[in-house]
Amino acid sequence: MKGGRRGGGEYGRSNGRDDEGMMAQFSQIPTSFGHELRACLRCRLVKTYDQFRESGCENCPFLEMDKEHDNVANCTTPNFTGIISVTDPNKSWAARWLRIGRFIPGCYTLTVSEELPEEYQTVCADNNVQYVPPKRT
Amino acid sequence: MVRRDSENVYDGVEEEVQGRRVIHDVEEKEAEEEYVRQRKRQRAGKRTVGVGGNGEDETEGSDRGRRRKPPVMKFIDFEAEVDDDEEEEDEGEDDDFIDEGADQLVMVNEPEQRMGRVDIIAEECEDDINEMERRVMERYTRPSRIIMERQEMDHAGDANEVEQQALLPTLSDPKLWLVKCAIGHEREIAIRLMQRSVHGEGLCISSVIALDHLKNYIYVEAETIANVKEALDGLRNVYSSFVPQVVPIEEMTAVLSVENKTMDITKGAWVRMKRGDYKGDLAQVVDVDDVKREVTVKLIPRLDLQHLAEKSAVKARNEQLKKRAVVPPPRFFKKEEVRKYKNLRVCKKWNRNLGEGFVQLEGPSLPQLVFKDGFLYKTVSMKSINTNYIQPSFAELEMFNGRRRDVCGDIANLSTTSRKKGHFMKGDAVIVVRGDLKNLEGWVHNVEGSTVHVRPKTRLPEILSFNEKELCKFFKPGEQIKVVSGVLEGASGTVVKVNGHVLTVLSDTNSEHIHVFADYAVKSTEFTKPLAQMGGYELYDLVQLIDKSFGVIIRMEVEGLEAREDLKFLSLARI
């Protein structure tokens with residue numbers, strides 16, 4: 001099943017990775033709105049558990065959620081507040097304010113309830129990727 | 001405001017400087033551009049090397065034409081020059097500039113270093129610019145790196161609250177429009193709009209925000225109202241009759257701020273029930289489920305087993321049972337009591353969430369009642385508990401911890417957080433309980449709002465100020481105190497023991513030990529004399545009690561009399 005661009009792909013299951021290796025067009029969109037939704041602790045992308053297991057996190061491929069199923073449970077959480085669907089991250093002010101303006105279009109959450117566990121924070125550092133823990137007020 | 005274009009370029013370039021400090025300052029960026037312009041001129045053949053300071057223009061006039069300035073000239077400012085307009089060209093140049101500099105330098109931001117850099121630039125001006133640009137472009141077309149670089153830039157640059165200010169919305173940003181929709185469908189609509197946009201319907205919206213705490217509405221970010229309407233066209237659960245309202249710029253950031261109140265319910269916290277039989281009862285949180293917005297709390301059960309047994313029997317006969325007239329008193333649950341009732345059974349259950357074994361009370365048509373150690377564990381929605389300003393009274397805590405002799409641990413924990421502080425008055429002896437100066441004793445000099453000024457007991461000269469929460473009143477055994485707030489208000493006595501925040505006081509009136517929070521007491525010389533007479537009765541009067549028994553008044557207190565009944569067994573002979 002290719003595409004996810006014009007007219008292609010199943011409803012909601014499209015993953016628009018281009019063959020030329022260009023940046024993915026957008027992330028998978030959650031197929032349900034219930035309890036299976038989880039947010040990635042690093043980039044706050046929201047998808048269902050199964051979607052994370054299937055294709056990992058598009059913004060954080062180094063977390064390797066598609067390879068190791070444990071990573072999904074450890075790096076994502078079902079405790080999050082609010083959903084923001086970013087359709088145009090370059091233009092959106094809200095995405096910029098939430099510092100997700102550099103990620104691919106998709107559904108994100110405003111805040112997550114917990115921090116990324118230590119070992120994954122080192123994985124981030126190894127890949128030269130910044131991790132900002134959620135603010136505690 | 002920083003231009004978006006140049007911001008992009010800088011962000012891209014920063015990847016060379018990975019792990020080093022990012023250039024934040026607008027001024028510095030402009031300074032960088034200056035150097036680029038200089039370098040271009042150098043390449044063009046005018047070998048003017050360096051000028052001192054930040055953001056100085058390149059030199060002209062007498063310096064132009066000189067191939068090499070003596071190094072010391074770097075430190076001397078010549079006349080400031082007028083800028084040429086070469087903004088566009090700078091963008092591409094910046095990459096090369098920092099590109100080379102980065103190899104040789106450690107720190108990017110130091111002004112002194114910059115002078116060194118200028119020297120290096122001068123040396124390398126023979127490089128082919130086009131080649132440089134080509135390399136840079138190549139580097140940037142590698143996709144995965146782009147993602148990582150950009151993400152890195154994003155976070156690295158904006159990790160600060162000051163930088164967050166730079167992200168405030170401007171007039172050129174798309175606006176937020178408030179849209180009304182059906183309750184409960186907010187998330188669904190946000191996700192559907194995402195799907196629509198992904199399926200290439202050319203939506204001109206930048207984002208859709210569905211907040212958990214805002215029911216009935218969502219925000220759509222778009223340039224014009226027409227874009228919003230077009231995007232929502234045909235969607236179910238959206239009220240098309242409601243004209244989308246624009247959010248004023250000042251209020252845009254408030255939309256995205258999350259109120260952290262609900263996230264603060266932690267395990268072990270004390271709460272009070274708002275509804276039902278347990279309304280007003282103290283409870284302790286044992287589990288929090290944010291997804292379902294529920295908490296599991298531990299309560300002292302108020303069961304009426306008789307009633308429950310009847311209820312199940314009655315249901316079987318399809319009748320309605322009368323509601324209980326009175327709420328049962330709180331009592332710990334005992335399995336043995338259930339055996340009396342045939343309809344009710346107990347069984348052991350293992351609860352996955354809490355990882356512990358529980359006893360469940362079962363019966364036909366009974367709601368789920370789960371017990372452990374005598375406590376009832378109830379799962380309720382977050383809305384039906386009260387988390388703010390809970391002040392458990394000593395008595396309640398004792399009840400709760402009756403099984404564990406750990407009352408003081410909990411109290412100490414509580415007293416500085418949720419308990420309302422008694423007033424500190426001038427002259428009170430206090431002790432610091434939190435922070436670096438813990439265990440420092442002193443006297444209150446004066447109180448200003450929630451800051452208390454204390455003169456320390458030791459040789460520290462000044463008057464120190466503390467937050468109310470960091471202090472606790474301090475009493476020594478043998479002191480006379482009077483209780484000024486709480487259930488025991490009005491009582492007075494002598495301190496016999498100090499146990500953290502709790503004083504054990506020998507009461508004047510009834511010669512018993514009472515426990516009182518230190519903060520509720522003040523030093524006093526009042527002595528509550530036991531009343532000798534009240535309401536027509538005198539001490540040691542023989543009286544007839546309500547249930548026709550006799551008793552002698554042995555004690556009179558403000559609230560009532562205490563008569564000893566069992567005296568009659570001893571004294572019947574005397575009478």
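**View 1. Elements of chain B cover the buried residues of helix H9.** The cover over the buried residues of H9(B) includes S1, H8, strand S2 (205–210) and strand S3 (217–222) of chain B. This is a predicted model: local features need pLDDT of at least 70, side-chain atom pairs count only at pLDDT 80 or more, and totals for chains, interfaces and linings use all residues. Residues are numbered from 1 along each chain as its sequence is written, chains are lettered from A and ligands numbered from 1 in the order in which they are written, and side-chain values use heavy atoms, with hydrogens and water left out. Helices (H or I, at least four residues) and strands (E, at least two) are DSSP runs, numbered from the N terminus. In helix H9 (residues 225–232) of chain B, the residues B:Asn227, B:Val228, B:Ala231 and B:Leu232 are buried. They span an arc of only 120 degrees around the axis, which puts them on the same side of H9(B). The arc is taken from the directions from the helix axis to the C-beta atoms. Buried means under 20% relative accessible area, exposed over 50%, and partly exposed in between (1.4 Å probe, protein chains only). B:Gly234 follows H9(B), and its phi is positive, near 85 degrees.

**View 2. B:Leu193 sits in the largest nonpolar core.** A nonpolar core is a set of buried Ala, Val, Leu, Ile, Met, Phe, Trp, Tyr and Cys residues joined through side-chain atoms within 4.5 Å. The largest one has 69 residues. Those with the most contacts inside it are A:Cys40, A:Ile84, B:Leu193, B:Ile209 and B:Leu256. Helix H8 (residues 186–198) of chain B gives the most to this core, with 6 residues. Contact means heavy atoms within 4.5 Å. Leaving aside neighbours within four places in sequence, B:Leu193 is in contact with B:Leu203, B:Ile205, B:Val208, B:Ala231, B:Leu232 and B:Leu235. Another core, of 24 residues, lies apart from the largest one. Among its residues are B:Val295, B:Leu299, B:Phe333 and B:Val359.

**View 3. Three strands of chain A form an open sheet.** The order is S2-S1-S3, and the pairing is antiparallel. Two strands pair if DSSP finds at least two bridges between them. Strand S2 (46–48) and strand S3 (76–77) of chain A are the edges, and each pairs on one side only. Strand S1 (residues 37–40) of chain A is joined to S2(A) by 3 bridges. A:Ala39 has A:Val46 as its bridge partner in S2(A). A:Arg44 lies in the loop between S1 and S2 of chain A. Its phi is positive, near 65 degrees, although A:Arg44 is not a glycine. A:Arg44 counts as buried, at 16% relative accessibility.

**View 4. A:Glu58 and A:Lys47 meet in a salt bridge.** A salt bridge is a side-chain nitrogen of Lys or Arg within 4 Å of a carboxyl oxygen of Asp or Glu. The count over all chains is 6. Here the N to O distance is 3.2 Å. A:Glu58 lies in the loop between helix H1 (49–55) and helix H2 (69–75) of chain A and A:Lys47 in strand S2 of chain A, so the pair ties together parts 11 residues apart in sequence. Both A:Glu58 and A:Lys47 are buried.

**View 5. A salt bridge links A:Arg96 to B:Asp173.** Their closest N and O atoms are 3.1 Å apart. A:Arg96 lies in helix H3 (residues 93–97) of chain A and B:Asp173 in the loop between helix H7 (161–166) and strand S1 (175–180) of chain B, so the pair joins two chains. A:Arg96 and B:Asp173 are both buried.
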